[in-house]
Amino acid sequence: MKAGIATLGCKVNQYESQVMMESLLAHGFEQAADGQQADVFIINSCTVTATGDKKVRQTVRRARRENPDAVIILTGCMPQAFPEECQAIEEADIIIGNSNRGGLVDYIEKFMRSHQRIIDIKPHGKLYGSESSINGMNERTRAFIKIEDGCNRFCTYCIIPYARGRVRSRSVEDILEESQRIGQKYREVVLVGINLSAYGSDIGSDLLEAVRAAASADGIERVRLGSLEPDLTPDELIEGLAGIPEFCPQFHLAIQSGCDATLKRMNRHYDTAQFRHVCDKIRSTFDNPSVTTDIMVGFAGETDEEFAQSVAFAKEIGFARAHVFAYSRRKGTRADSFPDQVDEHLKSLRSEEMMKATSASAADFLRSQLGKNVKILAEREVQPGVFEGYTENYTPARVRGENLSGRIIQAVVDEVCDGFVLCRAI
């Protein structure tokens, strides 16, 4: 039988889709090629925004149209957070949440025997699930390793704690074991989690220990981190990471807003002064690091003055890259009922202004890379003899050479282009 999968959302979802696919392959399934009809098709959903839910419904319906005789499975964050809404998606034969995907094959076999619709969404447990493990990431030149699940922070705009449960950390021994397998095929790993910074808080460990475990695996030459929380990025962590040669100095710190009053309404656990300190510490500790971010505009109650403060702070920090997005009201969150919701047109205008500011700082960062000696993980050949990849600090780069894919290339930055740097191999 052939199995297909559509993944919506974050790097954690991508990892978990790989877990599910490898489980099916181990039970005799084959992965369906692009455009090939599947006997089983999985939609691994994201529910961060209402727009995301709409996309999930569209993906399920498209999967049914393109695979009319397949067993259609809906799983992921949307069923976990909104089980009743998912039950109404009639095209899905099996609906399960995030907590019980370890029984995926059993659910498929049960449905194929009875042809009775299955809806089974179990609450999250208190411990990290033992079913999470992969051997690779298909054609990728880097692999994700999920080390943490859940979030305890309850930002007022966010539904994820309801979809993912409380913080649950993977054991250091398990991280090392998976890193050893990954290191047989890949040179770089990215450690990911729902609230990655909280790793180890429930098992007496910490993020530094997890990075050291991954970096110690044979074959692993580079280790990256997913998104970090500024208030959970202490000086000791930054200093410890600087002592790990394999660690790549790219820090994705989600600021969300550069205004303290807005951050307080969001129930973020830091202010701009703490964020500034973390950035200063990173830049004084590492040689040529990058700081990237997510910035939300138009949050409930955001005034013109607050938005201006946020833009000014973004300019001050000088992010190497920023994902700018407008606040989207989310059913089930506190902020959905907040007064003074911002008009959609004004959100759009603010998005444009913030993107203009962060695009300028991104261009400045690219120019700062001129003449730097870098190491590029060549990922794909974009034209004959030219390979594209990323430097240690995640600067998009291109380098000339032959048969470079999957290799780490020592190079020097010669030229800044539109959105990337052009390098010369040494």
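Is the crossing of H7 and H8 left-handed or right-handed? The model is a predicted one, in which local features need pLDDT of at least 70, side-chain atom pairs count only at pLDDT 80 or more, and totals for chains, interfaces and linings use all residues. Residues are numbered from 1 along each chain as its sequence is written, and side-chain values use heavy atoms, with hydrogens and water left out.

**First stop: H7 and H8**

Select residues 172–182 for helix H7 and residues 207–215 for helix H8. Helices (H or I, at least four residues) and strands (E, at least two) are DSSP runs numbered from the N terminus. The two axes come within 8 Å and cross at roughly 30 degrees; axes are lines fitted to C-alpha atoms, for helices over the stretch in contact, and angles run from 0 to 180 degrees between N-to-C directions. H7 is therefore roughly parallel to H8, a term for angles under 35 degrees. Their crossing is right-handed, meaning that the near helix is turned clockwise from the far one by less than a right angle.

Next, display the side chains of Val172, Ile175, Leu176 and Ser179 in H7 with Glu209, Ala210, Ala213 and Ala214 in H8, which make the contact (heavy atoms within 4.5 Å).

Keep H8 selected. It is largely enclosed by the rest of the structure, because 7 of its 9 residues are buried (under 20% relative accessible area, 1.4 Å probe, protein chains only). These are Leu207, Leu208, Ala210, Val211, Ala213, Ala214 and Ala215. Around them, show strands S7 (142–149), S9 (188–193), S10 (222–225) and S11 (227–228), together with H7 and helix H9 (235–242), against which the buried residues pack.

A nonpolar core is a set of buried Ala, Val, Leu, Ile, Met, Phe, Trp, Tyr and Cys residues joined through side-chain atoms within 4.5 Å. Of the 67 residues in the largest one, Ile147, Leu191, Leu225, Leu241, Leu253 and Phe275 touch the most other members. H8 gives the most to this core, with 7 residues.

**Last stop: H11 and H12**

Select helix H11 (residues 272–285) and helix H12 (residues 304–317), whose axes come within 11 Å and cross at roughly 15 degrees. These helices are therefore roughly parallel to each other, and their crossing is right-handed. Phe275 takes part in the contact from H11, and Phe313 and Ile317 are among the residues of H12 there.

Note on methods
Parallel < 35°, antiparallel > 145°, perpendicular 65-115°, else oblique. Buried < 20%, exposed > 50% of the residue type's maximum accessible area, 1.4 Å probe, protein only.
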